[in-house]
Amino acid sequence: MSEDHTHEVRQEKEAENERKTEETEREITPKQLDDQPHEKEPAEVVETAEDEQEKRLEEDLEVRVDPEIVEKLSSGFLQTFLPTLEKSKSSLEEVLSNQKILIETVEQENSKFQECQSMEELTQTMLKARKYYNKLITIKKEMANLHDKSGKLKKRAVKLQQQRQKEELQKAQQREKEHEKERMLAARVAGRTDS
């Protein structure tokens, strides 16, 4: 009940201050402004009136309240809102702990994804290794084929060389025989001419 009374008193004082301000503003007419010294501009006069009004409001708002009433109001306020605030605090703490757990879980999942990415990179590397291994085997087979071919070519070259040497030997022998024949013929011809 005293709270309502205080509120009503405050409203009455505010209304009275507004009336006084309006009266002050009405009392100052343009003619009076012209009659006043020109040092103050109209805006300064209005500011002064506003300053006075603020001072009056501050004086009126200074209400003396019984400390017992303040204590009862405070305890009533606390009784009303403290349980709700405590519930909110416990809910907030629970939310924070759940959030912490979620953050840890997300970090673990992220590390799993990174491991999966590493596994994928490892798989790619293994596939490349298999591909290069197959290429190596193909190159080894080609090298073996080339080695066989070069061996066969060497044998063939040796045979051809031997055959050429044989042919050259046969030609040389044939030339030798032909020379022999020519000598013998020459010796016969010389022996006939001598006889």
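**Aromatic pair and charged patches**

Being four residues apart in helix H4, Phe77 and Phe81 are separated by about one helical turn. Helices are DSSP runs (H or I, at least four residues), numbered from the N terminus. The model is predicted: local features need pLDDT of at least 70, side-chain atom pairs count only at pLDDT 80 or more, and totals for chains, interfaces and linings use all residues. Residues are numbered from 1 along each chain as its sequence is written, and side-chain values use heavy atoms, with hydrogens and water left out.

A search of the whole structure finds one aromatic pair. Phe77 and Phe81 form this pair, which is tilted, at 4.7 Å centre to centre and 50° between the planes. Rings pair if their centres lie within 6.5 Å; planes under 30 degrees apart count as stacked, over 60 as edge-to-face and the rest as tilted. Phe81 is partly exposed, at 41% relative accessible area. The classes are buried (under 20%), exposed (over 50%) and partly exposed in between, with a 1.4 Å probe and protein chains only.

Lys149, Lys152, Lys155 and Lys159 gather in a patch of positive charge. Patch residues have over 30% relative accessible area and no salt bridge, and like charges are joined within 9 Å. A salt bridge is a side-chain nitrogen of Lys or Arg within 4 Å of a carboxyl oxygen of Asp or Glu. Lys152 lies in helix H4 (residues 67-194) and is exposed, with a relative accessible area of 61%.

Glu50, Asp51, Glu54 and Glu58 gather in a surface patch of negative charge. Asp51 belongs to helix H3 (residues 42-61). Asp51 is partly exposed, at 41% relative accessible area.

Notes:
Patches are made of residues with over 30% relative accessible area and no salt bridge: like charges are joined within 9 Å, nonpolar side chains (Val, Leu, Ile, Met, Phe, Trp, Tyr) within 5 Å. Accessible areas come from the Shrake-Rupley method with a 1.4 Å probe; for residues, only the protein chains shown count as cover. Lys and Arg count as positive and Asp and Glu as negative; His and the chain ends are not counted. The place of a charge is taken as NZ of Lys, CZ of Arg, CG of Asp or CD of Glu. Helices (H or I, at least four residues) and strands (E, at least two) are DSSP runs, numbered from the N terminus. Rings of Phe, Tyr and Trp (its six-membered ring) pair if their centres lie within 6.5 Å; planes under 30 degrees apart count as stacked, over 60 as edge-to-face and the rest as tilted.
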